Each structure stands twice: as C-alpha cells, then as structure tokens.
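Welcome! Let's take a friendly walk through one protein model together. Have a look at it first, and then read on.

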Amino acid sequence: MLSGAPVTAAATPEALLERFQAANARQRRAMVGTLEASSQALRPLIANHLERLDPRSDDWAAGFLIQLLLAEEDGLSEAFLARYDAGWLASASASALSFEPLQRALMLQQFEQADRLTSALLRQLAGPAAERRGYVYYSEVVTMPELDLESLDRLWVCFSRGRFGLSVQARLLAGYNGRWDQLWPKLAWKQGRQWTRYPGSFQWTISAPEGHMPLVNQLRGVRLMDALLSHPAVQRRIGG
C-alpha cells in the first residue's frame, strides 16, 4: 500500500502527479483512470513535471503522461512536440539510425504505424540484403547492435504502460518455459489453429493483450522471433 492519504477528488493536480510518480507499477495501473478523468487539470503541468524525470530510463509513467498530454490537439500538445521534436525519450543508436519517427508514432498512440516502423528498423539493422528482400533472416539478428535493440524496446515499453515490447514478449515466453504454442494465444496472434490476420484483425490500441506488439512475422516460423527474444540486449532487459 502507498503511504499517505488515499487519492480523492479533492487531491490537487500537483499531488496527484506526485502520487502517481511515487507509486509502483501495480498502483500506477490502478490510478490510470483517475488521471485520465483529471486530464484537463493535469495536462498544463505535465511538461514541467517531465523535466524532473530521466529520459534515459523506460519508466512508463513518463510515457503515459506524455500520451495524456498529446491526447488533445491544442497549444499544449503543439508546444510539447515543438520542444521535443526529436522525442522525449533518449534513444541512442550504434548504427546512426533515427528512432524519432517511431517515438512520435508511439507518443501519439499510432500503434499500427509504430509496428510498421519497427519492422523497417529491424530490416535496417539486419543490413542491405534484408532491406532488399523486405524481411529479416533469423541468422541476421546476431549482428544487430545491442544499443539499437535496447533503444527500440525501451520505446515500446515506455509508451505502452509497460505492456508491449520485445522484452515483454521474452518475459512471457520465459513464464511459459519456452512453450511457443502457449505464447501465441497469449499474444492473441493465434486462436485455435488460425493465425490472426494481419493487419485487420490485430488490435492496434493500448488495450490490446499484453505483448501483442510489436509483431514479428510468426508465419516464417519461430526462428526469427526466437533469435530476437534471445538477443543479449533483450535478455539483459529481463534479467536473463
């Protein structure tokens, strides 16, 4: 339990932000509805609140607040996007890749676009041959720089309330002791013997099942996804 008085309608917007920031992940999830209901009072405070947070982390509290701020198209959101035109989260690359389009799509909760951008980034990381053919071979994953895969995963985690990302999928797979047949239904990528049809049957919203995104083309078998989830950068992020 959090210490202090319970959240009430009388709590000031400043106090609500502080309480949300101090909460653990489970408590934050319970507070999401309260913050959404108080968005009009909170939105003018968010940009200054973010100045105190570390843009090198993947604390999804920051990502949620950014999405709350950008949920309306007005002067507040325009000012924030102008101020952080390269994105708020620091996303380094060892390959001189730009993560800015992906970060903007995630900030704006344009998840289908973010998924397509992720696929494009993975092809770039795999090399010119993957870009020419339009998909990645599992054998090309081992050469992907750890820094880039870490940045890609941090972006997904930060802007999904900790629900999407390669590390989330890897953690779920570990919970099933490596049983891919149990993972697919959990991700809602397969129902019975039927694979979920792309893109129309995928759920491109924050309420999609945990681990639902980003999509890795499972129709090519498990080897590509196994290579990605086994990559040292992803394993390090789940403590593996």
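A salt bridge here is a side-chain nitrogen of Lys or Arg within 4 Å of a carboxyl oxygen of Asp or Glu. With that rule in hand, you can look up Arg43, Glu72 and Asp74, which are linked in a network of salt bridges.

Before going further, a word on where the values come from. This is a predicted model, in which local features need pLDDT of at least 70 and side-chain atom pairs count only at pLDDT 80 or more, while totals for chains, interfaces and linings use all residues. Residues are numbered from 1 along each chain as its sequence is written, and side-chain values use heavy atoms, with hydrogens and water left out.

**Confidence**

The predictor's confidence in each residue is called pLDDT and runs from 0 to 100. For the protein chain the mean pLDDT is 93, and 94% of the residues reach 70 or more. Take care with residues 1-8, where pLDDT stays under 50. For that stretch the model has 13 contacts beyond four places in sequence, a contact being heavy atoms within 4.5 Å.

**Charged pairs**

Side chains of opposite charge can pair when their charged atoms come close. By the salt-bridge rule, the count comes to 14. Here are three of these pairs:

| Pair | N to O distance |
|---|---|
| Glutamate 18 and arginine 52 | 2.6 Å |
| Arginine 83 and glutamate 51 | 1.9 Å |
| Arginine 236 and glutamate 150 | 3.9 Å |

To place them, we need helices (DSSP runs of H or I, at least four residues) and strands (DSSP runs of E, at least two), both numbered from the N terminus. Glutamate 18 sits in helix α1 (residues 13-22) and arginine 52 in the loop between α3 (39-50) and α4, so this bridge links parts of the chain 34 residues apart. Arginine 83 belongs to helix α5 and glutamate 51 to the loop between α3 and α4, 32 residues apart. Arginine 236 lies in helix α13 and glutamate 150 in helix α9, so their pair ties together parts that are 86 residues apart in sequence.

How open are these side chains? We call a residue buried under 20% relative accessible area, exposed over 50% and partly exposed in between (1.4 Å probe, protein chains only). Arginine 52 is exposed at 54%. Glutamate 18 is partly exposed at 36%, as is arginine 83 at 41%.

**Inside the protein**

The largest nonpolar core has 74 residues. Such a core is a set of buried Ala, Val, Leu, Ile, Met, Phe, Trp, Tyr and Cys residues joined through side-chain atoms within 4.5 Å. Helix α4 gives the most to this core, with 9 residues. Phe80, Trp88, Leu102, Met144, Trp156 and Met225 have the most contacts inside the core. Not counting residues up to four places away in sequence, methionine 225 touches Gln169, Trp180, Leu183, Trp184, Leu187, Trp189 and Val216.

Helix α10 (residues 166-175) is mostly covered, with 7 of its 10 residues buried. Among them are Leu166, Val168 and Leu173. The cover over these buried residues includes α9 (146-158), α11 (180-187), α12 (223-230) and α13 (232-237). Just after α10, asparagine 177 takes a positive phi of about 55 degrees.

**Two loop residues**

Is histidine 212 buried or exposed? At 0% relative accessibility, histidine 212 counts as buried, and its place is in the loop between β2 (194-195) and α12. Glutamate 73, in the loop between α4 (60-70) and α5 (75-83), is exposed at 82%.

**Aromatic rings**

Rings of Phe, Tyr and Trp (its six-membered ring) pair if their centres lie within 6.5 Å; planes under 30 degrees apart count as stacked, over 60 as edge-to-face and the rest as tilted. A search of the whole structure finds 13 aromatic pairs. In one of them, tryptophan 156 and phenylalanine 164 have ring centres 6.5 Å apart and planes at 70 degrees, so the pair is edge-to-face. Both tryptophan 156 and phenylalanine 164 are buried. Elsewhere, Trp180, Trp184, Trp189 and Trp195 form one aromatic cluster.
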